[in-house]
Amino acid sequence: HDQVGITFVYVTHDQGEAMSLSDRIAVMNRGRIEQIDPPAKIYEAPRSSFVAAFIGDTNFFAGAVTGVNGDYCTLSVEGFTDIHCFNDKGISAGSAVHLSVRPEKIRVAHAPPPPEKGAQFNVCRGKVTDVVYQGTYTKYWLLSGSHRVAALKPHSRFLLDQAPITWGDDIHFWWHPDDGYMLEQFSEADAELIQMPPAGYSAPKPTL
């Protein structure tokens, strides 16, 4: 491309190639284009549940808007306390919504965030049902009510001097209201595209 300076159309099923090589990505589902956008927008602002689940991994939460306060809204999601979310689509109170939250946006700890910081986040409680250590990060599967939640904890510091989070631990998890994205389209079938825990995991399927 640098040598000849022409446009290339590159067709691939490899998400890493698509994200790293492209100026724009067209995500297709059964021959139909779901979204065309730069890689960062495809990942951070997916329009549909298919794009959210096909490009990377995510968590889906179904709820309803119970209030609007400026650029943000409050969602009622079964089994959770009120969830706050950036309302970029101007959705009004009473509307049903589906929220996508990427695993790396969710923080996990034994203790909740300090009160002065906790007010800034959506804070929930859960139990660790599986742990996969990957060196640069650990992936956790959490059970909160009937919700299966995936979370990634990056290892930016040496961790052996900290009490590890492990199987069966009761934990707190939270994310910033800006890190949940409300989808324009949702299909329950797309939940099958989400990465699943290792074999032997017996928690219920995610509530949609």
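Trainee: Which residue's side chain makes a polar contact with that of threonine 138?

Mentor: Histidine 155 does; the contact between the two side chains is 2.9 Å. Keep in mind that this is a predicted model.

Trainee: Where does threonine 138 sit in the secondary structure?

Mentor: Threonine 138 belongs to strand 9, which covers residues 137–144.

Trainee: Buried or exposed?

Mentor: Threonine 138 is buried, because its relative accessibility is 4% and the cut-off for buried is under 20%.

Trainee: And which residues is threonine 138 in contact with, leaving aside its neighbours within four places in sequence?

Mentor: Val131, Val132 and Tyr133 are among them, and so are Ala151, Leu152 and Lys153. His155 is also on that list, and its side chain is the polar partner of threonine 138 that we began with.

Trainee: Switching to another histidine. Where is histidine 147 found?

Mentor: Histidine 147 is in strand 10, residues 147–154.

Trainee: Which backbone oxygen lies 2.7 Å from a polar atom of the histidine 147 side chain?

Mentor: That of glutamate 78. Histidine 147 itself is buried, at 3% relative accessible area.

Trainee: How far apart in space are histidine 147 and glycine 180?

Mentor: They are 16 Å apart from C-alpha to C-alpha, with a sequence separation of 33 residues.

Trainee: New topic, cysteines. How many disulfides are there?

Mentor: The count is zero.

Trainee: Now the surface. Which residues form a nonpolar patch there?

Mentor: Val4, Ile6 and Phe8. Together they have about 310 Å² of accessible area.

Trainee: Where does isoleucine 6 lie relative to helix 1?

Mentor: Isoleucine 6 is in the segment before helix 1, and that helix spans 15–21.

Trainee: What is the relative accessible area of isoleucine 6?

Mentor: The value is 47%, so isoleucine 6 counts as partly exposed. To be called exposed, a residue needs over 50%.

Conventions. Residues numbered from 1 in each chain as written. Predicted model: local features only at pLDDT ≥ 70, side-chain atom pairs only at ≥ 80, totals over all residues. Heavy atoms only, no water. Disulfide = S-S within 2.5 Å. Helix = DSSP H or I, 4+ residues; strand = E, 2+ residues; numbered from the N terminus. Buried < 20%, exposed > 50% of the residue type's maximum accessible area, 1.4 Å probe, protein only. Polar contact = N/O pair within 3.5 Å; in protein donor to acceptor, adjacent residues only side chain to side chain. Contact = heavy atoms within 4.5 Å. Patch = residues over 30% accessible without salt bridge, like charges linked within 9 Å, V, L, I, M, F, W, Y side chains within 5 Å. Areas by Shrake-Rupley, 256 points an atom, 1.4 Å probe, with all protein chains shown as cover. Salt bridge = Lys/Arg side-chain N within 4 Å of Asp/Glu carboxyl O.
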